[in-house]
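This briefing concerns salt bridges and helix packing in one protein model. Please consult the sequence and structure shown here.

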Amino acid sequence: MSWVPRFPEVKAALRLTNGGFGSLISTGALGSLISLLTVGHIVHKIGVKKVLHVASFFLMATLIVLSSTHSAVIFFFANIFFGAAISAFHIAINSQGFNFQDRTGKFVITQLSGLWSAGALITAFISGFLVDRVSLHVHIAVLVILIFLIQIILINALAPELLKANQNLDIEYKLKELFAGFSFDRLISFGLICAIFLEFALGDWATIYTKEEIGIKSGINTLPFILFTMTMIFGRFTVHYLLPRFTLERLAVYASLLAGLSFLLSISLARTIFAENHNDAFLVICIGFSIAGLGSSFLGPTFMTAANARSKHPASVVIGHVGVGNIILAFILKWVVAWTAQATSLTIGLLIPGILLLTVPFFAKSLKSV
């Protein structure tokens, strides 16, 4: 997350248009797809510790390259390895998380998601502060080397508890199951991507949007993304308080409509009524992004829980199936947003994830099984 608030600098260094940059960033999905189809099997064969070590190293190395190169070709290949490393780490650490959950009976996966968002928020805040104060390549290089050293210490400390090779048959991604037994739950897959694509889109475009479309200077332009993440964290840690009054299905309908409408209204008002007043437009964007983060916060984990409940496959296989479908759909939609932004404007491009949120109620009946 450290380089997301500094995407305007990355795009400028590569000398790319919005369409070209969006297309290039989306190539990370190719690496993620490769990991989703292979790393679960590797975790089962060699254990969690070795996978975490390798993934940590490639996260460090590729981020240093991505934040310092001026070559689109080098960026392309580094981004594929970067996407693969992220998914490899994700699969390994979540395999460990599910193992811990099974052993202790504590429901930790949703809380871990909230903690990840908290880390993303802190990182985005620090990155926004460092814009125009520390160069991009120095900032990222120092940060990722420090994080890598901390990760190695933590992984080694956790070694006695980490899953060993071939120890847990339930946490396994078999290639033959992913291909021969591949299942595509349309309600879940389309509902999931509609629910979470706004988070993907804002991760790629929020800082560029506020700088280029709203006219807010670097550093402060990270605030809408920070507010979006803050309200998402709040929603993930507090949504359970609403469950005694609402079913998840009804809550998902209300929340997706609230999130989608607030987001669409904010960027529409910023482009029309407040177009000449940057400060007012920025305020509207901050409010709209905050409500959107709150409304969409729990939708993704809810659809994943429903996917597991509706499937006859083990949870590990379900994650692989849903992950592959989600990566492919996200890859396509990222290209659509990028080239819509290139052909029209980034404001028009960002209408797409907002509209997708409004379609979540059509898929909400899949949540009845939760």
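The model is predicted: local features require pLDDT of at least 70, side-chain atom pairs count only at pLDDT 80 or more, and totals for chains, interfaces and linings use all residues. Residues are numbered from 1 along each chain as its sequence is written, and side-chain values use heavy atoms, with hydrogens and water left out.

**Salt bridges**
- The whole structure contains 5 salt bridges, each defined as a side-chain nitrogen of Lys or Arg within 4 Å of a carboxyl oxygen of Asp or Glu.
- One of them joins K11 and E212, whose closest N and O atoms are 3.1 Å apart.
- This pair connects distant parts of the chain, 201 residues apart, with K11 in helix α1 and E212 in helix α9; helices are DSSP runs (H or I, at least four residues), numbered from the N terminus.
- K11 is buried at 10% relative accessibility, whereas E212 is partly exposed at 42% (buried is under 20% relative accessible area, exposed over 50%, partly exposed in between, with a 1.4 Å probe and protein chains only).
- R236 pairs with E199, the closest N and O atoms being 3.6 Å apart.
- R236 lies in helix α10 and E199 in helix α9, so this bridge ties together parts 37 residues apart in sequence.

**Helix packing**
- The axes of α9 (residues 186-212) and α12 (residues 278-296) come within 11 Å and cross at roughly 160°; axes are lines fitted to C-alpha atoms over the stretch in contact, with angles from 0 to 180 degrees between N-to-C directions.
- α9 is therefore roughly antiparallel to α12 (an angle over 145 degrees).

Conventions: Helices (H or I, at least four residues) and strands (E, at least two) are DSSP runs, numbered from the N terminus. Angles under 35 degrees count as roughly parallel, over 145 as roughly antiparallel, 65 to 115 as roughly perpendicular and the rest as oblique.
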